[in-house]
Amino acid sequence: MIRDAIWRIMRARFRALVILLPDCRHEVAMLQIRRYFTSGLIALLTLVAALAIYVLITGELGWAEVRALLTALIGFAVGLNAVTCLTCRHEVPHPWMAWGGVVFGLVSGLMLLVLVWVNIYSSYYWQITSVSIIWTLVYTHCLLPSLIRLEGWQQRYLVPLTRASSLLLGALLSAGVIGSFYSSWLLRTISVMAILVGFFTLLLVILHRRTQQVTPRLILTESSDGLYMDASGRYYRVTPAE
């Protein structure tokens, strides 16, 4: 009987190990990706600070320094966008949605870098780059509400309303860039939509912080006699679920 009980416990642990190994590998890979992007952000931020100090000390601000500073800023923005999108990967229905924001950010950053280092006078390229940047920001902004957890009608209505206002703002900005017209009604509408996007975004954050509750976690440490002990010194007997 004891041998059968030990065998059932070992079999349950082996099953749990087989199930968790792929997830562990995935989590380790994502952790390495996050470390890479955050390390890149720290390096780019250091470069920006060094360039700013150099310009202030020497008083020299040539086109080469401006290009280097813009390149560092674009790299910082692309990395920040990537980290933001990857943070939402567990909350969206499909992981490729988060990676799509990373790809959009990389494409927009590369197009901007081309404008910084190459003299392009084509108005079409400027329009395409501007629209690409607009929809990268809109896409990332639409991903962020997936991290918000509200109650009842707040989750059901405020999150879609925030995303809809962001999409409408992106459409208006794109129309203005592509059509090259900036009438007074369009500028007023864009201003109103920008205010609404900021308002709904802050409202979501405030409501999320208000409704967020800290869930207590039970952390157990295995003792020498096979029992488990929590931080208060209480002992538990843990049996694996088959």
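Predicted model: local features only at pLDDT ≥ 70, side-chain atom pairs only at ≥ 80, totals over all residues.
Residues are numbered from 1 along each chain as its sequence is written. Local features need pLDDT of at least 70 and side-chain atom pairs 80 or more, whereas totals for chains, interfaces and linings use all residues, and side-chain values use heavy atoms, without hydrogens and water.

Helices are DSSP runs (H or I, at least four residues), numbered from the N terminus. Residues of helix 3, including F104, M111 and L115, meet residues of helix 4, among them W126, I133 and Y139. Contact means heavy atoms within 4.5 Å. By class, this contact has 13 nonpolar, seven polar and no charged residues. Gly counts as polar here, and Tyr and Trp as nonpolar.

S165 lies in helix 5 (residues 153-179). S165 is buried, at 5% relative accessible area (buried is under 20%, exposed over 50%, partly exposed in between; 1.4 Å probe, protein chains only). The S165 side chain reaches the backbone oxygen of T162 at 2.7 Å. Leaving aside residues up to four places away in sequence, S165 touches M193, V197 and F200.

L187 belongs to helix 6 (residues 184-211). L187 is partly exposed, with a relative accessible area of 43%. L187 and G176 are 11 residues apart in sequence. Their C-alpha atoms are 8.9 Å apart in space.

Technical notes
Helix = DSSP H or I, 4+ residues; strand = E, 2+ residues; numbered from the N terminus. Polar contact = N/O pair within 3.5 Å; in protein donor to acceptor, adjacent residues only side chain to side chain.
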